[in-house]
Amino acid sequence: SSGINAEYGDLSHMRSSGPGGQHVNRRNTKALIRVKITGATWISERTKNSISESGLLDKPGSLSISSQGSRHQSENTQDCLVKLQKLLDKHSYVPPEPSQEELDERERQLKLRKERWKQIERTKKYYRNRDFDM
């Protein structure tokens, strides 16, 4: 079960497209959840900004998630909620601070790259003023 409830957005059902014959022509199985992200008090500002910057919102600041993979309305609704939860999890992730060992390793790698660059530049200068007889 998902941690997101359908009460946080507008849930609607409509006819699915694609194969399925008479069933998809008669039943409203496609689920669509529209969540007003910019006005949601239950989403952190950091997560809202991340979602906004990703370009997933429409003009009024709403996020639309749909599902029509199943023949059953309830499964498609649940799938929409799972998609919403995954999207919120993805955009609310904060990577951990690097440890001192990781910082030391980055510093060491930086010094190595700098030293290699200096050696290349020294070699260029050395051969730049040499007279080659062929």
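In the predicted model, the backbone nitrogen of serine 62 lies 2.7 Å from a polar atom of the side chain of aspartate 58. The model is predicted, so that local features require pLDDT of at least 70 and side-chain atom pairs count only at pLDDT 80 or more, whereas totals for chains, interfaces and linings use all residues. Residues are numbered from 1 along each chain as its sequence is written, and side-chain values use heavy atoms, with hydrogens and water left out.

Aspartate 58 is located in the loop between α2 (45-53) and β3; helices (H or I, at least four residues) and strands (E, at least two) are DSSP runs numbered from the N terminus. With a relative accessible area of 34%, aspartate 58 is partly exposed (buried is under 20%, exposed over 50%, partly exposed in between; 1.4 Å probe, protein chains only). The C-alpha atoms of aspartate 58 and lysine 36 are 9.6 Å apart, at a sequence separation of 22 residues.

Serine 67 belongs to strand β3 and is buried, its relative accessible area being 5%. Its side chain forms a polar contact with the side chain of aspartate 79 at 2.7 Å. A polar contact is a pair of N or O atoms within 3.5 Å; within protein, one must be able to donate a hydrogen and the other to accept it, and residues adjacent in sequence count only if both atoms are side-chain atoms. Leaving out residues up to four places away in sequence, serine 67 touches Thr29, Lys30, Ala31, Asn76, Asp79, Cys80 and Lys83 (contact: heavy atoms within 4.5 Å).

The largest nonpolar core comprises 15 residues, and Ile37, Ile51, Leu63 and Leu84 have the most contacts inside it. Such a core is a set of buried Ala, Val, Leu, Ile, Met, Phe, Trp, Tyr and Cys residues joined through side-chain atoms within 4.5 Å. At least two residues of this core come from each of β2 (30-36), β3 (62-67) and α3 (73-92), with α3 giving the most, five residues. Beyond its neighbours within four places in sequence, leucine 63 contacts Ile33, Arg34, Val35, Ile37, Leu56, Leu57, Leu84 and Leu87.

Helices α2 and α3 pack at about 105°, with their axes 8 Å apart, and are therefore roughly perpendicular to each other (65 to 115 degrees). Arg46, Thr47, Ser50 and Ile51 in α2 meet Leu87, Leu88, His91 and Ser92 in α3. The residues of this contact divide into three nonpolar, four polar and one charged.

Note on methods:
Axes fitted to C-alpha atoms, helices over the stretch in contact; angles between N-to-C directions. Parallel < 35°, antiparallel > 145°, perpendicular 65-115°, else oblique. Nonpolar A, V, L, I, M, F, W, Y, C, P; charged D, E, K, R; others polar.
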